[in-house]
Amino acid sequence: MTPNYDAWSKEELIARLTEIEQRLKPIPNRKKPVSLSTPGGNPFHFDRHPRRKIAVKFCYSGWEYNGLAFQSDPTPLPTVEEVLFRAFAKARLVDPDAGLDGCGWERCGRTDVGVSAAGQVVSLWVRKPARPPQRELQYVSILNRILPPTIRVLAWSPVSPSFSARFNCKHRHYKYFFTTQGLDLSLMQGAADYLVGEHDFRNLSKLDPAKQITDFRRRILSAQVNPVEPSPDLCDITKRAGHDDQLYVFDLVGSAFLYHQVRHIMAVLFLVGTGLEPPSIIPTLMNTDGSESTKTGLQLPIVDRKPEYQMADPLPLMLWDCAFSGSDVHWQSDGDTGSLGTEKHSGTGLVRQIHSVYQRSLIHTALEGHFLSAAVRYHSVPPQYFPFSRTGLSVGTIPRLPNNSLPVIGVPLGGGTCRRGVKYVPLLSRKRLDHVDVANARWKNGKGSRHENRKPQTSTAEATGDE
């Protein structure tokens, strides 16, 4: 989704241009004191200022960025951490030459390209005033004045020196939004119920041999399919156009997650919702050693190698919240008081700005809905084969076209995307990937050995980001 630059202020446009110009400059990881000039021309010495540790909660539009984590190599789009770190550096809250390592940067949960967050958290050491009166710095206003509108700081908290945004997190809550078109929600919820508890998710995630992970067990606390209220389908336009596009969300809460775990789970739930796979496919894919058969009482085959399948689209996925103990964090904002010049970056202005974006999104939804309504005046609505529980069809009984050829069916992948084909191959009949032990050993003896010889410098944030 392209940002609506017409609605941006002059200051926001300047900030965006500055960000584009600066993002190709690498962020160094050197831990070297640096002096910068202050507005008065005097040198600014970071090592002469005391530091404190804080946690910052922020949101971002994932489609605007090349993922959350900072990358040492150039990327087509900036990363969220790159832009956020530069904002901290520009505000002279961190030493730019010391890099991420120099400020002890840690993230709570890593999100990939295209994935958004409403409650992401990072912890780091920042500068505080050197001499009294040491007034509390307005971190929310300071950072939001520098950041582009697609990244907004929501709150901050003082934390203890030992606090870690990653390891102090009690649980992470992901949301995946989808429409009900062609899906049986009761079947999806029945499959999701199997996710709760501690299971082996190697077949419901992406294996990254570079991480050399051998323990794929993760604990899911809650997995619920819930309606989204209010639904953006204004005036039931899409229903009148022959589509059932009620908006729902899959709420998944867990203590920790594997790489692309949520999107893999969602892809399988879509297969269950259409009727292409039974709800028992979820415990079957988690049955890597036979333990799921005991838990469920079902006769399940052992699946110790992942079958090939495409994960769900990243656009509808959001990291909604990172939960911490009340004794660890005390979230606060700058308050809603302030001069007129800073009001748009404070609490009141922040809510107004985000609400403005939401209003424009509703307008876009209404416009697109009317485009659909206009199209069906002159074009027939495609036949609906899914869900099988409603149409009474199966893979073998989908009617042929008038020319006796098989129709192309679209298996939903979320975000309005689908995988098109004329033949569906059940998951358990597909080609299997190598066993994780084989993949890990191959990488360790190949690329891993070369990496070990080079000993690349990896920031703390990159080393701990596995979600």
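1. A salt bridge is taken here as a side-chain nitrogen of Lys or Arg within 4 Å of a carboxyl oxygen of Asp or Glu. By this rule the count comes to 10 salt bridges. The points below go through some of them and then turn to one helix.

2. The model is predicted: local features need pLDDT of at least 70, side-chain atom pairs count only at pLDDT 80 or more, and totals for chains, interfaces and linings use all residues. Residues are numbered from 1 along each chain as its sequence is written, and side-chain values use heavy atoms, with hydrogens and water left out.

3. K57 and D321 form a salt bridge through their side chains, at 3.3 Å from N to O. The pair joins distant parts of the chain, since K57 lies in strand β3 (residues 51-60) and D321 in strand β11 (residues 317-323), 264 residues apart. Strands are DSSP runs of E with at least two residues, helices are runs of H or I with at least four, and both are numbered from the N terminus. K57 is buried, with a relative accessible area of 15%, while D321 is partly exposed at 25%. The cut-offs are under 20% relative accessible area for buried, over 50% for exposed and in between for partly exposed (1.4 Å probe, protein chains only).

4. A salt bridge also pairs K175 with D251, whose closest N and O atoms are 2.7 Å apart. This pair too links distant parts of the chain: K175 is in strand β7 (residues 171-179) and D251 in strand β10 (residues 247-254), 76 residues apart. K175 counts as buried at 15% relative accessibility, and D251 is buried with a relative accessible area of 8%.

5. The side chains of K211 and D208 meet in a salt bridge at 2.9 Å, N to O. K211 is partly exposed, with a relative accessible area of 30%. D208 is partly exposed as well, at 23%.

6. Which residues are linked in a network of salt bridges? They are E198, R217 and R219.

7. Helix α7 covers residues 261-274, which is 14 residues. From first C-alpha to last, α7 reaches 21 Å, close to the 20 Å expected at 1.5 Å a residue; the expected span is 1.5 Å times one less than the number of residues. Is α7 mostly covered or mostly exposed? Helix α7 is mostly covered, with 14 of its 14 residues buried. Just after α7, G275 takes a positive phi of about 100 degrees.
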